[in-house]
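Here is a short report on one model. It moves from strands to helices, then to cores and single residues.

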Amino acid sequence: MKNSRGTMTKVSRDNLGTIIMLAVVFAAVSAARAAGLVNSHIDGLLVPICVYAIMAVSLNLVVGILGELSIGHAGFMCIGAFASAFFSKLTAESMGAFPRFLIAILIGGAVAGFFGFLIGIPVLRLNGDYLAIVTLAFGEIIKNLINVFYVGRDSRGLHFSIEGQMALGLEPDGEMIINGAQGITGTPFDSTFTVGFILLMISVIVVLNLTNSREGRAIMSIRDNRIAAGSVGIPVTRYKMLAFTISAVIAGFAGALYAHNLASLIATPARFGYNMSILFLVFVVLGGIGSTRGAIIAAVVLTLIPELLRFLSNYRMLIYSIILIVMMIVNWNPTSRAWIRRHITGRFRRGTGAGEEG
Amino acid sequence: MALLEINELSIQFGGLRAVDDFHLTVEKGDLYGMIGPNGAGKTTVFNLLTGEYKPNEGVIRLDGRDITGLSPAEINRAGVARTFQNIRLFRQQSVLDNVKIGLHNRFRYSTAAAILRLPSYFRTEREMDEEAMKLLSVFGLEGEADTISANLPYGKQRKLEIARAMATGPKLLLLDEPAAGMNPNETQELMEDISYVRKNFDMTVLLIEHDMKLVAGICEKLTVLNFGRILAEGDTKTVLQDPEVIKAYLGE
């Protein structure tokens, strides 16, 4: 029995390490801000970094832990963003900032989760490439659908159309809430670094605790060997669904955080398109597929690098891509991994053998 | 009533009748063997029996309940567990976790208990650890509980697969060539393990095997398959002396 308890503490220690790492970084950044050491440019990046880190945690649950390739995750973020911003816009005058934002975040998560569940029903019966293709299409469809949504409000209540602003027939004093391709403008700026950090922490704790549980093991068994999982009585579709839905809820949180940090929320390809979904996938892959901690670090580093390289002006993206390639090689090359383990991680950790969670 | 009753079972892949009019009756407590040349359809019978394939015709009854056409997970929960000819472990997981995944349907706590780390999480996880360690010690694997299962030597991987199948609490255990690739010592150990499991867990075992020493040593009854059809069945001794069997399988 000593052995099994030893395993538990090793995994728990790893997870605790991730949580402490986040808390320390948060405390350090907060202190630096209070001391005025953070310039406004970097300061403006703090909320987006939290958004991307949460997206990395969310996608890692599907790609790294469930083992299914989803390349439409920006779609869930988009749903969360618009659902929460819609709510905040509706209640902007009638509610206090704190309860409004709290409910907006919950609505963002719930609506994204609902769509995750709905889309999961047909999609999760597919495997591998087919699943990736359908999630890709889903992300694009969501973005395009939102671009033709027109919702307005006047004294007679809410009006909805997919034809255009005119079709709503608003009274002169009516206001537009979602204005098609112009999106939602004037969402309250409720997102702060602290809220972002708390949401990131909640996402991390949910994913780590889920992974290290009976249902998490069932989810990982599907990744490791689907046929064997079925043969020991794991309801494969149900657990795929669970992981996919939880991941969508977390992406919805990220969307809510994102939306309340923007003056105007528009479903453009740059924000919610295919490239964003791929960027999230890059976080997960570079972080070491399956590692929550790695995904967060990759998200933070890869969001900061293009900004820190601004002084290189035109050469910025060139250097960025070289850094990506070097990271990939260093991350996956056995020799460099052994070197990192010996010289860097080895100093902090006594146990041998690579832990899976973290 | 027999524990397992298969009648008129057939499956066709394109123009090939891989299993044709197969029948089998396994009584509770039997140690039943299935032999036959390569490609005779033995593993296909297992795949039909565990829901991997859906039969074109036929009925499979477990303890009187019709389980034909159920999904693999449903059939496992009805009481059939199996191992695979080409080992299928959860390779990235520890030996202990492999068995704990096998225990999945026998222990429960809610998703909320897992995420919020409620007391029921710790209590149930401890019970699962104990139960899993008990099973591992039956197969002499208790010392490797923390090893990543892909790093186990081959013979132990096969044993772990049996332990994982046993963890699901089956009424019937299907072993698909459990001794394949084992040396004589490992095979001997395996025979002892199978006999032990059968006695101490009151288990009924149906196995596919090519190792005649193992088959003749522990199986009481045999069915011989050839080209998807039953060639002979009955007592191990009688079957192994059947001239048809010797001609088709053992060589003259």
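## A hairpin in chain B

This is a predicted model. In chain B, strand β9 (residues 221-226) and strand β10 (residues 229-235) pair in the antiparallel sense, with six bridges between them. N226(B) sits opposite R229(B) in β10(B). Two residues lie between the strands of this hairpin, and F227(B) has a positive phi near 50° there.

## Positive phi elsewhere in chain B

Most residues other than glycine have a negative phi. D21(B) is not a glycine, yet its phi is positive, at about 50°. D21(B) belongs to strand β2 (residues 16-26) of chain B. Its relative accessible area is 38%, so D21(B) is partly exposed.

D63(B) is also no glycine, and its phi is positive at about 55°. Its setting is a loop: D63(B) lies between β4 (57-62) and β5 (65-66) of chain B. D63(B) has 35% relative accessibility and therefore counts as partly exposed.

## The three-stranded sheet of chain A

Chain A has an open sheet of three strands. The order is β2-β1-β3, and the pairing is antiparallel. Strands β2 (157-161) and β3 (175-179) of chain A are the edges, each pairing on one side only. On average, neighbouring strands of the sheet are turned by 20° against each other, direction ignored.

Strand β1 (residues 150-154) of chain A runs antiparallel to β3(A), and four bridges join the two. Across this pairing, R153(A) stands opposite E175(A) in β3(A).

The loop between β2 and β3 of chain A holds A167(A). With 46% relative accessibility, A167(A) counts as partly exposed. A167(A) and G230(A) are 63 residues apart along the chain, and 52 Å separates their C-alpha atoms.

## Two packed helices in chain A

How do the axes of α3(A) and α10(A) cross, and within what distance do they come? Helix α3 (residues 46-66) of chain A and helix α10 (residues 236-259) of chain A have axes that come within 9 Å and cross at roughly 170°. An angle over 145 degrees counts as roughly antiparallel, so α3(A) is roughly antiparallel to α10(A).

The α3(A) side of the contact includes V47(A), C50(A), V51(A), I54(A), M55(A) and L66(A). The α10(A) side includes K240(A), A243(A), F244(A), I250(A), L257(A) and Y258(A). By class, the contact of α3(A) with α10(A) has 18 nonpolar, two polar and one charged residues.

## Nonpolar cores

The largest nonpolar core has 100 residues. Which members touch the most other members? They are L265(A), F272(A) and F280(A). Helix α3(A) supplies the largest share of this core, 16 residues.

Leaving out residues up to four places away in sequence, L265(A) touches A81(A), F82(A), A85(A), Q182(A), G183(A), I184(A), A259(A), R271(A) and F272(A). Another core, of 47 residues, lies apart from the largest one. Its members include A81(B), L96(B), L222(B) and V245(B).

Definitions and conventions: Residues numbered from 1 in each chain as written. Chains lettered and ligands numbered in written order. Predicted model: local features only at pLDDT ≥ 70, side-chain atom pairs only at ≥ 80, totals over all residues. Heavy atoms only, no water. Axes fitted to C-alpha atoms, helices over the stretch in contact; angles between N-to-C directions. Parallel < 35°, antiparallel > 145°, perpendicular 65-115°, else oblique. Contact = heavy atoms within 4.5 Å. Nonpolar A, V, L, I, M, F, W, Y, C, P; charged D, E, K, R; others polar. Pairing = 2+ DSSP bridges. Core = buried A, V, L, I, M, F, W, Y, C linked by side-chain atoms within 4.5 Å. Buried < 20%, exposed > 50% of the residue type's maximum accessible area, 1.4 Å probe, protein only.
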